[in-house]
Amino acid sequence: FSFIYIYIYLYCTIEIEEFYAFPELRELWLGCNQITRLPELQLVNLQVFCASSNKLLSLKGLEKCARLQECIVDGNQLSVIEPLYGLEHLHVVDVS
């Protein structure tokens, strides 16, 4: 039994590290949860990451998500997006 999609929205208390238990995870939606940092996510199958309307300053932690295609992180306080530079499959980025 494995999850492919996880949606956690609107002020839930979560530890992102808990998602390591789902290696087949393809979509992770974490909007409006007051997340301030990302751990080093080693979700190699992750294709869509959404963390809109949080308190992220950096996207450090996403660099090992080699299959990432969409990164939706609007409504944060980002000053560092360099971790996305090496992701070859990434074609949608929203940092507005």
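**View 1. Gly-75 sits in the loop between β4 (70–72) and β5 (92–94).** Welcome to a predicted model, in which local features need pLDDT of at least 70, side-chain atom pairs count only at pLDDT 80 or more, and totals for chains, interfaces and linings use all residues. Residues are numbered from 1 along each chain as its sequence is written, and side-chain values use heavy atoms, with hydrogens and water left out. Strands are DSSP runs of E with at least two residues, helices are runs of H or I with at least four residues, and both are numbered from the N terminus. Gly-75 counts as partly exposed because its relative accessibility is 41%; buried means under 20% relative accessible area, exposed over 50%, and partly exposed in between, with a 1.4 Å probe and protein chains only. Leaving aside neighbours within four places in sequence, Gly-75 is in contact with Ser-53, Asn-54 and Ser-96, where contact means heavy atoms within 4.5 Å. Look also for Asp-94: its C-alpha atom is 9.4 Å from that of Gly-75, and the two residues are 19 residues apart along the chain.

**View 2. The whole chain follows the pattern β-β-β-β-β.** How many helices and strands does the chain have? The count is zero helices and five strands. Of its 96 residues, 41% count as buried. The chain exposes about 5,600 Å², and carbon and sulfur atoms supply 53% of that area; accessible areas come from the Shrake-Rupley method with a 1.4 Å probe, and for residues only the protein chains shown count as cover. Among contacts in the chain with a separation of 6 or more, 8% are between residues 24 or more positions apart.

**View 3. Asn-45 lies in the loop between β2 (27–29) and β3 (48–50).** Is Asn-45 buried or exposed? Asn-45 counts as buried because its relative accessibility is 14%. A polar atom of the Asn-45 side chain lies 3.1 Å from the backbone oxygen of Pro-23. Apart from neighbours within four places in sequence, Asn-45 is in contact with Pro-23, Glu-24, Leu-25, Arg-26 and Arg-67.

**View 4. Ser-52 is found in the loop between β3 and β4.** Ser-52 counts as buried because its relative accessibility is 11%. Setting aside neighbours within four places in sequence, Ser-52 is in contact with Leu-30, Gly-31, Cys-32, Ile-72, Val-73, Asp-74 and Asn-76.

**View 5. Cys-32 and Gln-34 have positive phi values.** Cys-32 has phi near 60°, a positive value in a residue other than glycine. Gln-34 likewise is not a glycine, and its positive phi is about 60°. Cys-32 is in the loop between β2 and β3, and Gln-34 is in the loop between β2 and β3 as well. Cys-32 is buried because its relative accessible area is 13%, whereas Gln-34 counts as partly exposed because its relative accessibility is 46%.

**View 6. Lys-64 forms a salt bridge with Glu-40.** The structure holds one salt bridge, a term for a side-chain nitrogen of Lys or Arg within 4 Å of a carboxyl oxygen of Asp or Glu. The closest N and O atoms of Lys-64 and Glu-40 are 2.8 Å apart. This pair links distant parts of the chain, 24 residues apart: Lys-64 is in the loop between β3 and β4, and Glu-40 is in the loop between β2 and β3. Lys-64 is partly exposed because its relative accessible area is 43%, and Glu-40 is partly exposed because its value is 37%. Side chains of opposite charge can pair when their charged atoms come close.

**View 7. The largest nonpolar core has 22 residues.** Such a core is a set of buried Ala, Val, Leu, Ile, Met, Phe, Trp, Tyr and Cys residues joined through side-chain atoms within 4.5 Å. Which residues have the most contacts inside the core? They are Leu-28, Leu-46, Phe-49, Leu-59, Leu-62, Leu-68 and Cys-71. Not counting residues up to four places away in sequence, Cys-71 touches Phe-49, Leu-59, Leu-62, Leu-84, Leu-90, Val-92, Val-93 and Asp-94. In soluble globular proteins, nonpolar side chains tend to be buried together.

**View 8. The disulfide count comes to zero.** A disulfide is a pair of cysteine sulfur atoms within 2.5 Å. Cys-50 counts as buried because its relative accessibility is 6%, and Cys-65 is buried because its relative accessible area is 0%.

How values were computed: Polar contact = N/O pair within 3.5 Å; in protein donor to acceptor, adjacent residues only side chain to side chain.
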